[in-house]
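Please open the structure in a viewer and keep the selection panel at hand.

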Amino acid sequence: MLQIRFHGRGGQGVVTAAELLAIAAFEQGRHAQAFPSFGSERTGAPVVAFCRIDDREIRLREPILAPDVLIIQDPTLLHQVDVFQGLQPDGYVLINSKRSFDDLGVGEIAKRFRRERLLTVAATEIALKHLGRPLPNAVLLGGFAALTGLVTLDAVAHAIRAKFSGKVADGNVAAAAEAHEVVRHAMLEVADAQAN
Amino acid sequence: MLKQTEGSRAVAEAVALCRPDVICAYPISPQTHIVEGLGELVKRGDLAPCEFINVESEFAAMSVAIGSSATGARTYTATASQGLLFMAEAVYNASGLGLPIVMTIANRAIGAPINIWNDHSDSMSQRDSGWLQLFAETNQEALDLHIQAFKLAEELSMPVMVCMDGFILTHAYERVDIPDQAEVDAFLPPYQPRQVLDPTEPVSIGAMVGPEAFMEVRYLAHAKQLSALERIPRIAEEFEARFGRKSGGLVRGYRCEDAETIVVALGSVIGTLKDTVDALRADGVAIGVLGIQSYRPFPLAAVRAALQAAKRVVVLEKSFCVGLGGVVSTDVRLALSGLQLHGYTVVAGLGGRAITQASLERMLRDAVADLLQPLTFLDLDWRIVQRQLEREAQTRKSGPVAENLLRDVGPVAAKVA
């Protein structure tokens, strides 16, 4: 079973991100369970959402305490919430930021994990370009697909179109595709650097 | 059709497939998405004919439901927590009058302290109201139980609550199989009321009944619920024959054959318990889970039959009777009258406290070794309890309990779960 935890702030579509991922996994014939952290949602407040993916029925109903993947939609949470709590040693991390892990002040924490599985992507900027609004959620799922290979970009696009329509869907699909491309290149760079 | 969707949405679609004539509800978390979904279906014309009535409170919601059901209209509403308490007087009236209303309870704690999260306090507060109470383990079962509930309610002419865990199920996106309209139509015939308010054939419903017949009216309600003990499994079988899956029924065991220890529970925590049981079984522990799907009527004989071969029974419940202990466990004890079993009550998950597999496994290992306290509070933070008790011992003006404890706990935003 794969467990993905999303951190963000109220208004950034954190819960929607987990739901989109569950739909994408379902599109690929897998079982998925997405759920929010059951808070009283307020704009700007820290929000957590969860997604489990498996090849059989998911019965577990606890919050995700030991995630395989972390998606951080807002880097200002890094010093407010213990987002890395429970992350598996070979886990993936994708942070919405233009800056590196070192510049974000989490370089030391990052050393505990596999370098090639930790990436940042400027999802807010990509969202602004395609949507005109700073909504990084669906964009990061494009990056997630490239980073982990756990779902395809096609499935992510399908999920976006299942939940949104018209311009919003088109913009999000285009933004997710760009993030996918950006992350793919960043991964090649990391692989080159590691090879050297 | 298989679909990945929110529990609330799945229930809204299931209710729509049952062709309700009237839906009236007042929004309250975590029930809101269900009635919003139905409101959309009515407004778009996807659910027609159906009248969606906006009301000013939960008391009005149940009162309108009573009026509408009495005219022979298939009637649905939904609520939770404080909303259920606010409609309590009308809840008793609906069952006392024998009106087959179906109501979803998106289970949530009752304040004070105010809390929007899940436990079973709300439906438990109405366990003696005369309504039947069915509990769903998954979103698929929640969806299926609504279709069964209309049939059950109308065959008996009694109202039914379908209880599903607030947030844990209502807000979870899962795979569900949504049946075809034709299949639901074949399963659930049009409503044929036993009593109707009709201006062309005037009758009165709701007479005052004195000591001469009140007990008899109450007894008849009891007899109806007892007859449901046969009807509920039959409807579940009919459902399985038509839709191809097991949902509902009275009780359902998981790995209970040869189990020395059986955990009894209601609702979505059964899923986590199944995973826990698998882990313990892999370690050689003879343990199983018994889920209770029908809490009212309480299936005394079925519970007894399922538990009597075990050595010990752990009732894990998201409800709590202050001054006594367990609520469900009291009923389970009644089912076990005369049997010599070790019995434990574990109160867990109150006000949304996460029930983790790790905590369950630890607790069940203690139970298997008979080291568990007869009344255990899973993952209770004794540190803050003790601190408050000390405060109260030290000073008369110790202040409000909830605020004190929140100060002791510190900011929760920094915690992940």
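Helices and strands are here DSSP runs, a helix having at least four residues and a strand at least two, and they are numbered from the N terminus. The model is a predicted one.

**Chain A as a whole**

In total, chain A holds six helices and six strands. Along the principal axes, the C-alpha atoms of chain A fill a box of roughly 45 × 35 × 35 Å. Display next the contacts in chain A between residues at least 6 apart in sequence; 66% of them join residues at least 24 apart.

**Where the chains touch**

**The six-stranded sheet of chain B**

In which order do the six strands of the open sheet stand? The order is β9-β11-β10-β13-β14-β15 in chain B, and the pairing is mixed. At the edges are β9 and β15 (375-377) of chain B, each of which pairs on one side only. Neighbouring strands of the sheet are turned by 20 degrees against each other on average, direction ignored.

Now zoom in on β9(B), which four bridges join to β11 (residues 287-292) of chain B; the two strands run antiparallel. G253(B) can be selected together with L290(B), the residue of β11(B) that stands opposite. Then bring back α10(B), which lies across β9, β10, β11 and β13 (312-317) of chain B and runs at about 165 degrees to β11(B).

The last stops concern the backbone. As a rule, most residues other than glycine have a negative phi, and most peptide bonds are trans.

Select R255(B), in the loop between β9 (251-254) and β10 (261-265) of chain B. Phi of R255(B) is near 55 degrees, a positive value although the residue is not glycine. Is R255(B) buried or partly exposed? R255(B) counts as partly exposed because it has 16 C-beta neighbours inside 10 Å.

Go on to S81(B), in helix α4 (residues 81-86) of chain B. S81(B), which is not a glycine either, has a positive phi of about 45 degrees. S81(B) counts as buried because 30 C-beta neighbours lie inside 10 Å, the cut-off for a buried residue being 20 or more.

Two peptide bonds complete the tour. The bond from S29(B) to P30(B) is cis, with omega near 0 degrees; P30(B) is located in the loop between β2 (22-25) and α2 (32-43) of chain B. The bond from G111(B) to A112(B) is also cis, its omega being near 0 degrees. A112(B) belongs to the loop between β5 (102-107) and α6 (121-125) of chain B.

Methods. Residues numbered from 1 in each chain as written. Chains lettered and ligands numbered in written order. Predicted model: local features only at pLDDT ≥ 70, side-chain atom pairs only at ≥ 80, totals over all residues. Buried ≥ 20, exposed ≤ 12 C-beta atoms within 10 Å, placed from the backbone. Contact = placed C-beta atoms within 7 Å. Pairing = 2+ DSSP bridges. Axes fitted to C-alpha atoms, helices over the stretch in contact; angles between N-to-C directions.
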